[in-house]
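The sequence and structure come first.

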Amino acid sequence: KMTQQMRDLQLAQARKPPGPSSPNAAKRLYRNLSGKFRVNYTSFDEGSLGARADKDKLRKSYLFQSNAALFEAVELQDLDRVQEMLKHYSPEELDLNTPNSEGLLPLDIAIMTNNAPIARALLQAGAKESPHFVSLESRSLHLSTLVREAEQRVNELMAQVVNEAPSADCSEKEKQLKAWEWRFRLYKRMKTGFEHARVPDAPSSVQLSVASSSSLQVTFWEPLSVNSAVVTKYKVEWSCSPSFSPLLGEAVIDKLKELHFTIQGLVSGTAYHVRVSAYNMKGWGPPQASTPPFAIPSNWRELDGRAPRRRGQAEALDHLLGQVKTVHQHCICHEPCKNQPQSRKHSVSKSLKHLFHPGSKFLKTLKRGLYLTAIFYKDDNILVTHEDQIPVVEIDDTYSCLLMQDFLWLTKVSCMWDEILWLRQCVTVSQSSCSCILQTRFKMLLAISQMQGLLGIQDLGQVFFEPIKDKQGNILIVTLKEVKTSQTFESVRWVPVCKLQSSRKSVSSPEEPTALDMLLISVQDKLAYHQRSSHALSPGLYLGYLKLCSAVDQIRVLVPEQLPNILCHVKIRSNPNISREEWEWLQKMASVEEPVSTETEADRSQNSFFQELQVAIKELMTLVNIPLQEAKDFRLYSQEVLDFGDQVSFLLLLPPSDDVCTAPGQNNPYTPRSGFLTLPLQIFELGKDR
């Protein structure tokens, strides 16, 4: 079979231009091919080709050339070129796992020439070994056949070159001879690499942790030895017996971007032993037992049978809102709402296309009063009217009530922009008392409806956490929304924020800027806040710091500027689950008044958790600028673990009881470094739930 493959290869070479005559020639060939492929592929992407059929045909041609270029790069051990091709093209575009005419894949060549960096790069991209090598014997036979037939071809070409007189045909054969001599040396090097290789050592470390009440997380690291061949896959095995007899299950991992595996479907409360072994072209190496040697699937809630705090809350709130609507559905105030569903059908594209028509009632300047402004942005551009104004509408020109409570009420209203008409109608019925609060809130709803109508869009985005106030008596409430779609509009335009800031002619003095000028000056900070407030934490267990400060009309919470929707925090570990044993140990620690020795109170399985927690506490105390000697007066909140979905959980670190909330006028001896801000507690709660 192999002989027939080589004959087919020789016939193909007779019909095609001669192969590389030397390593340098081969290098030029694959660089020319990959370079040509890269240039034309770019032009293909940019739509410079005329017909679709021509594009597909040309694409296939260049993909074939890219596959040949990748083989050449691997054979010449050019790591930079391999990484460049893997970065710019997908495995499918490179035919990464399609064998060549010799039955080899790029990964086979890399591991048999013992080129670990290239092999690892290929494995990260999803490369596989050739399926032809089902055993050590088949691989050895295949390599011996390649070496023998390459040597035979070299001898044949050598005889032809020696016996023929100098001519063009002879020169062609000399090029073929050099190419085959180079390939003969490559095959010999691959054969030698295979013969000298040995099975891999055991993984250097295997860490076992409890992922849930029915799963375990296994994390492992490569073997330390550098003498064996490159590891191409791992095997995870688990059993209830330390002897692994009987074996309950195993999993082979050949996607090596991340060396971890979650064992699912286990029985809660049962101890499982786990081990991991590595594989290379010589076979499986010895297994490495996990640390700790076993683990028991569990969750902290099993200790007292507590149900998740947020279970059913969303459904209960929806049911409550439905009941309220049912009570009011027969009111006269709801008759105008029958046409509301039709108004909701406005698409973002339609609303933005007809944004800010000349007859709009957006304000250009502010007089003493309360106003609402909506900022729509995309990248570093902001959407403005045809007069280059950020849209502003008036709420109340005679505003005299306390602002904060009405403002916090408005932030809650922002969670139901689609229900503004319904809310407005209900508040209309309740105006008989004519209270200042109801009058103001009704005007807020009117202003929101006006803004929605002028923009033609229901969702005005997120309310910025504090209004803008100037010395002229103006108060500006700001909403922010990012526009994801890319469209061209007729009557409006996107303006770069920096251009809008530089072109606006201020009507106020630098010493006493108006609220609009203050908005333009700080708009980039507000956009950055809005983007950061939607960021999510990576999966894991975190330690959060709860610090409050109170004022006359509100309570504020300390948060980091980079992630204002989360408390100040540090990451304890990547596994978000706290097992029953860890929680039981934590409860015991919380009930002890005097510090105790780790060795006496924590068994081996909990010592790792103690060390992780200790490191996190030190890091968090440093982050918020609190001396470490004060840590003895701080407490861990031991009533529950705060779960945010299935992937993120929090333990809370609390200051001493008297310092949890700083009262007005009370000095805080430990002021956090820069990079923090305080949010109204209600704003923080809304941001956390978004």
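## Cysteines

A disulfide is a pair of cysteine sulfur atoms within 2.5 Å. By this rule the count comes to 0 disulfides. The model is predicted: local features need pLDDT of at least 70, side-chain atom pairs count only at pLDDT 80 or more, and totals for chains, interfaces and linings use all residues. Residues are numbered from 1 along each chain as its sequence is written, and side-chain values use heavy atoms, with hydrogens and water left out.

For cysteine 549, the closest cysteine sulfur is that of cysteine 661, at 6.9 Å, which is too far for a bond. Cysteine 549 has a relative accessible area of 25% and is partly exposed; buried means under 20%, exposed over 50%, and partly exposed in between (1.4 Å probe, protein chains only). Cysteine 240, at 39% relative accessibility, also counts as partly exposed.

## Packing of H4 and H7

Helices are DSSP runs (H or I, at least four residues), numbered from the N terminus. Helix H4 (residues 79-88) packs with helix H7 (residues 116-124) at an angle of about 5°, the axes being 10 Å apart. The two are therefore roughly parallel, a label for angles under 35 degrees.

Leu79, Val82 and Leu86 of H4 make the contact with Pro117, Ile118, Ala121 and Leu122 of H7, where contact means heavy atoms within 4.5 Å. By class, this contact has 7 nonpolar, no polar and no charged residues.

## Faces of H4

Arg81, Val82, Met85 and Leu86 of H4 are buried. Seen down the axis of H4, these buried residues fall within an arc of 130°, so they line one face of the helix. Asp80 and Lys87, on the other side of H4, are exposed.

Key: Axes are lines fitted to C-alpha atoms, for helices over the stretch in contact, and angles run from 0 to 180 degrees between N-to-C directions. Angles under 35 degrees count as roughly parallel, over 145 as roughly antiparallel, 65 to 115 as roughly perpendicular and the rest as oblique. Ala, Val, Leu, Ile, Met, Phe, Trp, Tyr, Cys and Pro count as nonpolar, Asp, Glu, Lys and Arg as charged, and the others, Gly among them, as polar. The arc is that of the directions from the helix axis to the C-beta atoms.
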